[in-house]
Amino acid sequence: MDTNLPTSPLPRVVIVGCGFGGLRLAKELADQPLQVVVVDRNNYHNFQPLLYQVATGALEADSIAYPIRKIFAGQENFFYRLADVQRVEPDRNTIVTDIGEISYDYLVLATGSVTNFFGLKTIEKNGMQIKSVPNALNLRSFLFQNFERAVLEANPAKRQALLNVVIVGGGPTGVEIAGSLAEMRKDVLPQDYPELDLKQMEIYLIEAGGAVLGPMSKEAQQTAHKYLDEMGVHIRLNTSAKRFEDGKAYISDTDFIRTENLIWAAGVNGAALPGFSEQQITRNKRINVDHHNLVTGTTNIYAIGDVANMVTDAMPKGYPMLAPVAIQQAEQLAANLGRILKKEPLKPFDYTNKGTMAIVGRNRAVVDLPKDIHFGGFFGWLTWLFVHLMTLIGFRNKVVTLISWAISYFSSDKALRLIIRPYKRRDYKKHSGQSAAEHLNATPQYNPTPPALQEPVQG
């Protein structure tokens, strides 16, 4: 079965994944003599940079997601299928999905990334992650459920564990979550939970490296560190999370932080699909590609974005897993596919770094631009807001997000403290019936419940 796709004399390009790269590629191919088929396990495009705001109640999920079919309404050469891709069969020019097989003339993998737990099984089992909309909604419910549990808890040690939050990973996601939670602790939670002494709530940011925001400039690192200090976040540099069990986040064999809330933001792997050889896949599950994004050892399979490992003299470890890289690779690949149809020489990919930024809190952000331009504070915060607002898909999403931000700014309130669907962490293997390897093209949603607290908080 070919999933009822229409027969066409035009070559078929199948794009797996509708993140930043897949979305841009499909749009760039609108005027090409190609049949464009997008396959994604979700029927929406997810704006990942704002997931943390969904998790902390600043935005609702539908403010950062947009239906794929609506995005491409009117694009005549576009087709979409809701499916989970299980493997690629290059010899047959076919992908196998849970709804049937889809053949292709050209295949583009834009599957993005999945959380990398670095083999820390107890953290993978018991921690929370924030890679998808369901993750963000689960985290929001879980945090507020624990605040409600803390109101009822008579044991001071157990109540402390329900309030404490440990964030592992000092990159942009970890810094942004830590800052958002610190603002909630100061402005929001004392009003909602007057029975609790929120001064006891401790927020820890654990980073294995020597600075937060490792990929950014030293100026940005120092400024972000200062902001977090001012907001009362405990930063532990050169510190690694070892395990998380029985309500304890261990940072050594014996030292631990008592918490029921561990948020993992420490690393990602490429979401490579089964069907490729070991030589084609790197250790962090990215797919090796040449300077035209062609998968090594193939003639018609391409990979872009987080899943693509393009090594250059300037980037010996491959390009960073950033949205601008995915977007620019999509634009270049679209142009190259047009050149292939015209039998013209291909042009290699050349990345233009337009800058990086991270937000810590209200009026607090850091921005790095080319030519060693660095700034932060209120102007950096405005820059961050403007760039992210303009990048959102859909006029409605832009308006709703802008209004939500304005209300939050002037009232210091986050209105979406809703437990719409109570969240109970589940056992991955028991509920999925599949191994992690079988979910490489999906973001895992399974988070089991840690055992009940049994020991008092140390110290």
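Strands (E, at least two residues) and helices (H or I, at least four) are DSSP runs, numbered from the N terminus. Two strands pair if DSSP finds at least two bridges between them.

Before starting: this is a predicted model, where local features need pLDDT of at least 70, side-chain atom pairs count only at pLDDT 80 or more, and totals for chains, interfaces and linings use all residues. Residues are numbered from 1 along each chain as its sequence is written, and side-chain values use heavy atoms, leaving out hydrogens and water.

**Exercise 1. Work out how E7 is joined to E8.**

Step 1: Find strand E7 at residues 94-97 and strand E8 at residues 100-103. They run antiparallel, with four bridges joining them.

Step 2: Look at the link. It's a hairpin, and E7 reaches E8 through two residues.

**Exercise 2. Describe the open sheet that holds E23, E24 and E25.**

Step 1: Get the order. The three strands are arranged E23-E24-E25, and the pairing is antiparallel.

Step 2: Check the edges. Strand E23 (356-361) and strand E25 (373-376) each have a single partner strand, so one side of each has no neighbour in the sheet. From one strand to the next, the twist averages 10°.

Step 3: Zoom in on E23 and strand E24 (residues 364-369), which are joined by five bridges. Ala358 has Val366 as its bridge partner in E24, while Met357 stands opposite Val367. Two residues sit between E23 and E24 in their hairpin, and Asn363 in the turn has a positive phi of about 65°.

Step 4: Now ask about surroundings. Five of the six residues of E23 are buried (under 20% relative accessible area, with a 1.4 Å probe and protein chains only; exposed is over 50%, partly exposed in between). That is why E23 is largely enclosed by the rest of the structure.

Step 5: Helix H8 (residues 218-230) lies across E23, E24 and E25, running at about 175° to E24. For such angles, axes are lines fitted to C-alpha atoms, for helices over the stretch in contact (heavy atoms within 4.5 Å), and the range is 0 to 180 degrees between N-to-C directions.

**Exercise 3. Which residues touch the most other members of the largest nonpolar core?**

Step 1: Know the term. A nonpolar core is a set of buried Ala, Val, Leu, Ile, Met, Phe, Trp, Tyr and Cys residues joined through side-chain atoms within 4.5 Å.

Step 2: Read off the answer: among 64 residues, they are Ile167, Leu181 and Trp384. Helix H5 (residues 133-152) gives this core its largest share, nine residues.

Step 3: Another core of 28 residues lies apart from it, including Ala83 and Phe276.

**Exercise 4. What kind of aromatic pair do Tyr409 and Phe410 form?**

Step 1: Set the cut-offs. Rings of Phe, Tyr and Trp (its six-membered ring) pair if their centres lie within 6.5 Å; planes under 30 degrees apart are stacked, over 60 edge-to-face, and the rest tilted.

Step 2: Apply them. The whole structure has 16 aromatic pairs. Tyr409 and Phe410 come out edge-to-face, at 5.2 Å centre to centre and 90° between the planes.

Step 3: Check accessibility. Tyr409, at 25%, counts as partly exposed, whereas Phe410, at 70%, counts as exposed.

Step 4: Widen the view. Ring pairs link Phe378, Trp381, Tyr409 and Phe410 into a cluster.
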